[in-house]
Amino acid sequence: MQREQQTISVRQLAILVIFFIIGDMQLYLPPLTAAFAKQSAWMSGLIGVPFGVGAAWFIFRISKRFPGKTLIDINNQAFGKIAGGLLSLVFLVMMFNTSITQVREIADFVTTQMMMETPQLVICLLLVLPITLAIRGGITTIARLGEVIFPLFSALFILLIILLIPKIDLTQLLPIEVTGFPGIVKGALFFIAFPFCEMFAFLMIFDSVEESEHAARDYLLAALAAGIAIWVIIVLCICVLGVFATEHTVYSPYVMAKKINIGDFVQRLEAVLAIDYIISTYFRCIIYGYAFVRGLQQLFKLQDHRFMMRPFGFLIVGYAYFLAPGIVAFVQFDVAWLFWVFTYSPGLLLLSYIAARLRQGWSKKGEG
Amino acid sequence: MNASVDKRLDRKLMSNLSFIRASFGNSQDLVIKEMNNDNGLQAALVYMDGLTDSTVIHHVILDYFMSEEQTASRKSGNRLLYLKNAVLAVGETVTISEWDPLFYQLLSGWAVLLLADSPDAICVAAEGWKDRNVSEPTSQVVVRGPMEAFTENIATNRALIRRKIKDPQLWTEGMEIGKITKTSVSIMYLRNVADEKIVEEVRKRLGEINIDGILESGYIEELIQDTALTPFATIYNTERPDTIAAGLLEGRVAILVDGTPFVLLVPALFIQFFQSAEDYYQRADISTLLRILRFIAFMITLLAPSLYIAITTFHQEMLPTSLLINLAAQREGVPFPAFIEALAMELTFEILREAGVRMPKTVGQAVSIVGTLVIGQAAVDAGIVSAAMVIIVSITAISSFVIPATSMSISVRMIRFVLMGLAASFGLFGILLGYILLVLHLNSLQSFGIPYMQSFSPFIWSNQKDTLFRLPWTKMRTRAVATAEKNLVRQRPRNKQKI
């Protein structure tokens with residue numbers, strides 16, 4: 001970004017990872033996994049966490065193998081300027097699309113659940129300023145924002161879980177196995193793909209992280225913690241709402257939060273969940289947005305990224321509006337989206353990685 | 001004053017004197033005392049009435065001049081030098097041969113001695129004017145701690161700091177700022193602790209100031225702050241010498257301005273505005289709790305009205321049913337939406353507060369009586385506002401007084417109205433967006449190159465001992481990393497004494 005190389009600390013990276021993984025998943029994942037795994041969605045989660053952390057580790061590994069290089073550089077190294085550039089462009093399209101999808105998700109959620117009368121366009125417009133300002137400031141700004149908001153976010157998250165404990169009904173988990181192993185694996189695929197595989201956006205950020213011997217440990221711990229957090233949400237959802245409601249409600253955790261009732265005084269805290277959801281989704285959006293803008297800057301060797309923020313801001317509104325005709329259509333994409341994600345990561349990413357490694361090997365041999 | 005074509009003093013005494021008279025337009029407070037002694041030495045003493053100490057003028061300068069000069073009648077080589085070094089029994093004297101510095105000294109309260117046949121003048125330190133005594137601080141009050149505040153006199157202020165830090169490493173640099181006012185400004189710092197880069201930056205920014213007058217440290221604050229486009233103060237000001245001394249020990253730089261008891265301290269961090277000097281004098285556990293309380297009060301004063309608006313307008317389900325019915329019953333007769341109600345009440349309170357500050361003390365009681373009627377039972381009885389709203393406005397107002405630094409509570413007042421507007425339009429979603437923008441803005445701020453939110457973002461673990469928490473002094477072994485660059489250790493680990 002401004003080329004006095006902005007850096008972030010490992011702690012900040014860990015916080016961003018947690019925000020990114022929890023992201024919109026705390027609302028979308030429970031219905032998706034429950035749809036395929038039914039009562040066993042919690043087992044999907046159990047399978048998903050290790051594999052997901054593995055996927056996160058793989059992405060981190062790539063950056064370790066090519067220190068100081070971003071996804072764009074790796075692609076260039078793998079396939080040369082033109083083919084690599086085209087591949088980078090494909091990745092950038094994905095980043096752009098996912099970034100703005102988050103805006104649409106927030107807008108859909110707010111207009112269907114919180115404020116029915118407010119037009120969706122207004123919500124998108126409102127989000128433009130915080131998103132463009134954060135991306136304009138670069139990764140340091142995003143990381144610091146995360147650092148300040150994280151205590152609020154985690155406090156609300158933990159509060160929500162604690163308040164839901166009295167409502168847990170473990171018998172909802174019975175019978176243990178309904179769909180069999182295939183169903184569980186299908187559920188797990190969602191658990192791996194959306195939160196973890198999409199982390200390839202971090203390949204645009206890793207080169208800004210300060211050197212630290214704890215980097216790998218903290219990064220993986222953050223991924224693990226966030227994985228467990230969304231797993232807890234899935235388990236809670238099934239235990240509190242039951243499978244049917246979890247599966248057939250678009251925002252089942254939101255419905256779950258409505259069940260909170262402590263002594264008829266602390267009740268209906270769904271707004272707390274909504275705040276948490278908007279915060280983490282917002283972060284997912286700006287991390288993707290940053291990755292996109294930075295990628296664009298690197299790909300076309302631009303001096304500065306700030307001039308892109310105004311068109312990007314316009315695109316947020318326009319593209320979010322254009323993405324889907326409505327929430328019902330939007331939810332239809334889920335399964336397709338799963339395979340789309342797998343195409344990029346591990347698919348294209350692995351291809352690029354292997355090609356770049358081979359090239360690296362050749363050039364080394366050539367020198368020697 | 002029109003600078004003469006000739007910037008230097010003339011040899012002729014009479015032409016010098018008439019030039020001074022002409023330059024000052026025969027001002028009444030300009031005193032020119034012409035003298036002849038028996039040796040035939042012609043001289044004139046020029047000073048400003050009221051700015052000088054009459055004891056020095058009469059007993060030291062005039063007496064000595066008249067008597068001593070006679071005994072030393074021998075024609076020594078340089079009469080002026082002899083006068084300056086041997087005759088005048090005062091602390092500080094300077095020889096000046098140009099008009100501009102001479103006028104500056106004259107107007108600073110020095111007496112100027114002009115001799116016949118000499119192109120040089122002797123300036124004698126004789127300042128002395130009516131000063132306010134060192135009194136109790138009025139804006140930053142403590143229960144326990146020093147009860148002295150800075151005064152309007154920069155020399156007194158410097159002395160108040162020096163009395164707390166007796167170390168030659170406490171360096172002071174002086175300068176004059178303001179083309180017309182020529183206000184003296186000093187920067188003070190502990191050379192072995194403060195970051196040289198920050199000191200250099202302070203010097204540079206002060207040097208770049210080009211303005212006709214400086215009347216208060218607020219001028220300097222606005223002229224050297226990092227960015228003007230922010231509601232937050234990025235420079236700390238205080239009238240307490242102990243706060244300044246503590247800041248200097250943390251490696252900060254103090255900027256003293258003549259004519260005001262408010263001394264500036266840079267760099268200033270966000271958290272500093274929530275810390276009171278007393279935190280360090282009370283026990284650590286109490287101070288920690290009080291700091292957390294202040295932070296809660298900050299949140300209340302920032303968010304209470306907007307949360308009330310958001311919850312009553314958009315998220316009624318969050319309220320327990322009985323409370324909701326209660327509120328609805330109260331609001332039944334109120335003709336306004338919650339936002340208008342809140343806006344009116346907040347505005348009323350801001351007016352009352354401003355009136356309370358500006359009003360002559362003798363009519364102060366009137367405001368409190370009228371005020372309790374306006375934001376009180378009368379407003380509720382009249383059916384204009386609901387009782388719950390009165391409570392919200394009151395708790396907001398009281399919480400805003402908890403913040404120790406006025407500059408921060410003023411910022412909060414402004415932001416509160418923005419958040420209220422967002423809450424009225426978009427509920428909790430609006431408040432959340434406002435909060436994110438606020439944090440983004442705070443993160444973008446810097447104070448002399450130091451991030452404003454330092455210790456929180458970037459998070460510095462070792463600084464947490466003295467941010468929201470205050471650990472006991474035995475645990476505070478190092479200075480805050482934010483400001484001090486070198487010499488971080490404050491105290492050596494103590495030997496465990498066995499009793």
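## Salt bridges and polar contacts between the chains

Across the interface of chain B and chain A of this predicted model, the rule finds zero salt bridges, a salt bridge being a side-chain nitrogen of Lys or Arg within 4 Å of a carboxyl oxygen of Asp or Glu. Polar contacts do turn up: two residue pairs between chain B and chain A, both at pLDDT 80 or more. A polar contact here is a pair of N or O atoms within 3.5 Å; within protein, one must be able to donate a hydrogen and the other to accept it, and residues adjacent in sequence count only if both atoms are side-chain atoms.

A word on the ground rules: local features need pLDDT of at least 70 and side-chain atom pairs pLDDT 80 or more, while totals for chains, interfaces and linings use all residues. Residues are numbered from 1 along each chain as written, chains are lettered from A and ligands numbered from 1 in written order, and side-chain values use heavy atoms, without hydrogens and water.

## What the interface is made of

Chain B brings 26 residues to the contact and chain A brings 33, with contact meaning heavy atoms within 4.5 Å. About 2600 Å² is buried between them, and carbon and sulfur atoms give 79% of that area; buried area is the accessible area (1.4 Å probe) that two parts lose on being put together, summed over both. On the chain B side, B:F426, B:F429 and B:L440 lose the most area to chain A, together 23% of what that side buries.

Which helix gives the most to the side of chain B that touches chain A? Helix α15 (residues 406–444) does, with 12 residues; helices (H or I, at least four residues) and strands (E, at least two) are DSSP runs, numbered from the N terminus.

## A stacked aromatic pair in chain A

The whole structure holds 49 aromatic pairs over all chains. Rings of Phe, Tyr and Trp (its six-membered ring) pair if their centres lie within 6.5 Å; planes under 30 degrees apart count as stacked, over 60 as edge-to-face and the rest as tilted. The rings of A:F60 and A:Y219 have centres 4.7 Å apart and planes at 20°, so this pair is stacked. The two residues are 159 residues apart, with A:F60 in helix α3 (residues 41–65) and A:Y219 in helix α8 (residues 215–241) of chain A.

## Backbone features to look at

A cis peptide bond joins A:S345 and A:P346, with omega about 10°, and A:P346 lies in helix α14 (residues 334–367) of chain A. Another cis bond joins B:V266 and B:P267, with omega about -10°.
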